[in-house]
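Here are my notes on the model, point by point. Please read them with the structure open.

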Amino acid sequence: MHVYIYDDYLNNGRYNKIINRLEIRLTDLGLNGKIIRLGGIKNIKRTIQDEIKLGARTFIAVGNNQTVNRIIGTIVNTEIYNDFQQNTLLGIIPIGSDNSIADSFGIKNWEEACNILLARRIKKIDLGFVGSHYFLNQASIESLGTVLEIDDYYLEILDRGVINIINLLNASLSNKKDPIIPSPYDGLLNVFIKIKNQEQSYLSAKKIKVTNPTHKLIIDNSVEVATPLEITVVKNKINVIVGKERMFE
Amino acid sequence: MFNKENKPDKFKNAETIIGPSIKVKGNFQGQGDIIILGLLEGSLKTNASVFIGAKAKITANISAKDIIVNGEIHGNLKIKNYLSIGNTAKISGDLQYGEISIDKGANINGQLLMLSEEHKQVEKIKDETKKEIVEK
């Protein structure tokens, strides 16, 4: 059974037309299922857990990066997730802006998302984890004044720019000139440090402690958290439904 | 082999680059090829190759398979295969190597010691044993 989780912002009237068309399309494809609106429930974790118990195996985030991250965190944190991990799937229907995660999955718009859900191409990928948040794409922070502690050494960045700690590449970070393409299967985080004069540094690690007393870490362009924080990667943590044009193998 | 004027082609796929605005402190270890263009204090160890840029400043002992040095190093180098020293290099420390080339203008203060075939064999066996242990 499919469970569609709609974000709050889709209640705005300007999305009515898209939502109507989406629901018709899903019905036409035989993909209709239960609809849950994030705004209407108090305990998303319990709701998702109850749905898993009732037999739901495919959860579809309808919204943007923020929606996906909220749902991922909730799904993988449910007490019964590990029992059903092999069978629980996450799909995305992107609506509106700020949808880099859907881009990574090769999903350009809601219409394409419906076809991708129907094709059901499944990949099991790693998740980044920082503080109490899981993330798919990346965590980023201003480089100046940031200290990264990795294994037995640490890095200080002496100039302005941005540090991207990547689990899964998205279109805005993708650069064909980069020698390393981050993989969501290798159990590693890729650190790309871009300084304003185009200088670039990179390395990879399993665990990174990030400290910056003045700037916050931004997770998937949607959540801000204060440092110091440890970022890790959880291998093979979630099954996702992806398109052919995804940014990983 | 190495082209000393520019980074060799093999470094285009280096797994680690430490840019000029980065300072690394501690025991830095890598599996793949490493390019250092910034500052490093501590130690550097890899089973692959290292490229040290002309503006890099390193206070560390370095252990690697091959290395090209164009910058400043205060520390000892133990290079299993090929040590290439460019004309902008300044090294204060003892050098151990399998093979060496030194460009005119390079500045070296330290002892130079060529690793014997016997020593290379011992190192090779050590590496293979380590690899086996890791694989197990």
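1. In this predicted model, the interface between the two chains involves 19 residues of chain A, which are in contact with 19 residues of chain B. On the chain A side, β9 (153–157), β11 (189–195) and β12 (200–205) each supply at least two of the residues that touch chain B. By type, the residues on this side of chain A comprise 11 nonpolar, three polar and five charged.

2. Strand pairing also crosses between the chains. β9(A) runs antiparallel to strand β2 (residues 22–30) of chain B, and five bridges join the two. Within that pairing, Ile157(A) has Ile22(B) as its bridge partner.

3. The largest nonpolar core contains 104 residues. Those with the most contacts inside this core come from both chains: Ile5(A), Ile60(A), Ile92(A) and Val191(A), together with Ile36(B), Ile52(B) and Ile67(B). Domain 1 (2–127) and domain 2 (133–234) of chain A each contribute at least three residues to this core.

4. Ile92(A) deserves a look of its own. Leaving aside residues up to four places away in sequence, Ile92(A) touches Ile60(A), Ala61(A), Val68(A), Ile101(A), Ala102(A), Phe105(A), Ile107(A) and Ala113(A). One of these, Ile60(A), is also listed among the core residues with the most contacts.

5. Does the length of helix α1 (residues 16–28) of chain A agree or disagree with its residue count? It agrees: at 1.5 Å a residue, the 13 residues should span 18 Å, and the end C-alpha atoms are 18 Å apart. Just after α1(A), Gly30(A) adopts a positive phi of about 75°.

Definitions and conventions. Residues numbered from 1 in each chain as written. Chains lettered and ligands numbered in written order. Predicted model: local features only at pLDDT ≥ 70, side-chain atom pairs only at ≥ 80, totals over all residues. Contact = placed C-beta atoms within 7 Å. Helix = DSSP H or I, 4+ residues; strand = E, 2+ residues; numbered from the N terminus. Nonpolar A, V, L, I, M, F, W, Y, C, P; charged D, E, K, R; others polar. Pairing = 2+ DSSP bridges. Expected span 1.5 Å × (residues − 1). Core = buried A, V, L, I, M, F, W, Y, C linked by C-beta atoms within 7 Å. Buried ≥ 20, exposed ≤ 12 C-beta atoms within 10 Å, placed from the backbone. Domains from an automatic or database assignment.
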